[in-house]
Amino acid sequence: MNAFVNPVAGGAAVRFSKVNDAAMSRAEAYIRAHEFDRPTLVLDRALVARQYRALKAGLGRADIHYAVKANPAREVIEALIAEGSHFDAASRAEIELCLGLGAHPDHVSFGNTVKKTGDIAFAHQAGITLFAADSEAELEKIAEQAPGAQVYIRLLVGSTEADWPLSRKFGCTPDMALALLDRSVELGLDPVGLSFHVGSQTRRAEMWLGTLDAVSQVWNDAQAAGHALSLINIGGGFPAFYGEEIEAPQAYAARVTAMVTPRFPGAVRVMAEPGRGMVAEAGIIAAEVLLVSKKSGDDLCRWVYLDIGKFSGLAETMDEAIRYQFITDRDHEDTGPCILAGPSCDSADVLYEKRPVQLPLGLKAGDRFLIRCCGAYTSTYSSVAFNGFPPLDVVVI
């Protein structure tokens, strides 16, 4: 069983559980059997399907709308269609991808609250019937381009404990939500429900509680105002393993379901939109060490530069929010603190500095460097060759 270096635990290497080791073994074995001339994400589609089944078992009657933005690889979409998944699309391109691979229009929702007018019209013509909104102007666009469509109103939620909060850019206040439900009726739309997002990487199920209570109050107020809501979209938040212990996906989803069910009377439809929790643990990035150096003779930390950085797939290291786990061929050696950085000539391309990572003392240029649990929000964040460095390659096994 291979150890991974835990950047949080000051120095000693710790290990995945046997379950996590088994979950990553095929991708790691593939990487060890191949050579790569550029950073490459290796993704195991069988693990994506297994994660879907675990989340579905915990979520029960809820429809899973996979958040396509997490990883839009065709093989991922095909595997999830085969499992019976629905899809949350954020753009025309994502809708075209899902429909082109065989998803039924009734199984695709247009979940972005900021949409181009032409894209709304395209979605409507393609048979998409369910749209998100959080403003009167967006409702007016939907009413014009997709008359009679079903809409759900996204709510702003308060401060959450998610590692990657999502509450500022999207959603509206409770009072505005009620007004938007009224406006939807006036525009000839069908306001079927509410949505929210607790934030990506919400590590413990109990972190949902305050948000669920707040949204439940809006739900009850809407019902009292005469809106016979039937749909609650609980969004994403389902976590992946980045070094801190998390609950198994089925158990986590079941605990969330147990909190959701009593709080939304009349909700005959429940939607969930896992992205990270569906695909992150199915992927490993094969990278390479470019340089190990110090800035001064008495520098306490080495600088370790990789051939992948913020602009080539690791954007979620911004503010050091997501703490990736690493494997090297030297994990049997003693470790020391390192500042980890990417290859580009941009000073912002530093991955971990506030909390240095512990890496083997013998690490040197040319060493293989594996980054675990990278199946989500890496290939989609990879730029088009910033500084001439190639975007992240993807291999699906």
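This is a predicted model: local features need pLDDT of at least 70, side-chain atom pairs count only at pLDDT 80 or more; totals for chains, interfaces and linings use all residues.
Buried here means under 20% relative accessible area, exposed over 50%, and partly exposed in between, with a 1.4 Å probe and protein chains only. Residues are numbered from 1 along each chain as its sequence is written, and side-chain values use heavy atoms, with hydrogens and water left out. Helices (H or I, at least four residues) and strands (E, at least two) are DSSP runs numbered from the N terminus.

**Aromatic pairs**

- Rings of Phe, Tyr and Trp (its six-membered ring) pair if their centres lie within 6.5 Å; planes under 30 degrees apart count as stacked, over 60 as edge-to-face and the rest as tilted.
- The whole structure holds 11 aromatic pairs. In one of them, Phe196 and Trp208 have ring centres 6.4 Å apart and planes at 80°, so this pair is edge-to-face.
- Phe196 and Trp208 are 12 residues apart, and both sit in the loop between strand S7 (190-195) and helix H8 (209-224). Phe196 counts as buried at 2% relative accessibility.
- Phe238 and Tyr252 also make an edge-to-face pair, 5.9 Å centre to centre with 65° between the planes. Phe238 belongs to the loop between strand S8 (231-233) and helix H9 (249-260) and Tyr252 to helix H9, so the pair ties together parts 14 residues apart in sequence.
- Both Phe238 and Tyr252 are buried, and ring pairs link Phe196, Trp208, Phe238 and Tyr252 into a cluster.

- Five of the five residues of strand S11 (residues 302-306) are buried, so the strand is largely enclosed by the rest of the structure.
- In a regular strand the side chains alternate between the two faces of the sheet. In S11, Arg302, Val304 and Leu306 are buried on one side, and Trp303 and Tyr305 on the other.
- Two strands pair if DSSP finds at least two bridges between them. S11 pairs with strand S10 (residues 283-293) in the antiparallel sense over four bridges, and Val289 stands opposite Leu306.
- S11 and strand S13 (residues 335-341) run parallel, joined by four bridges; Arg302 has Cys338 in S13 as its bridge partner.

**Salt bridges**

- A salt bridge is a side-chain nitrogen of Lys or Arg within 4 Å of a carboxyl oxygen of Asp or Glu, and the count comes to 22.
- Glu138 and Lys115 form one at 3.0 Å, N to O. Glu138 lies in helix H6 (residues 136-145) and Lys115 in the loop between strand S4 (108-110) and helix H5 (117-125), 23 residues apart.
- Glu138 is buried at 3% relative accessible area, and Lys115 is buried at 4%.
- Arg368 and Asp329 form another, with their closest N and O atoms 3.3 Å apart. Arg368 is in strand S15 and Asp329 in the loop between S12 and S13, 39 residues apart.
- Arg368 is partly exposed at 26%, as is Asp329 at 42%. A network of salt bridges links Glu28, Arg32, Asp329, Arg368 and Arg372.

**Positive phi**

- Most residues other than glycine have a negative phi, and most peptide bonds are trans.
- Glu320, not a glycine, has a positive phi of about 55° and is buried, with a relative accessible area of 10%.
- Cys373, also not a glycine, has a positive phi of about 55° and is buried at 1%.
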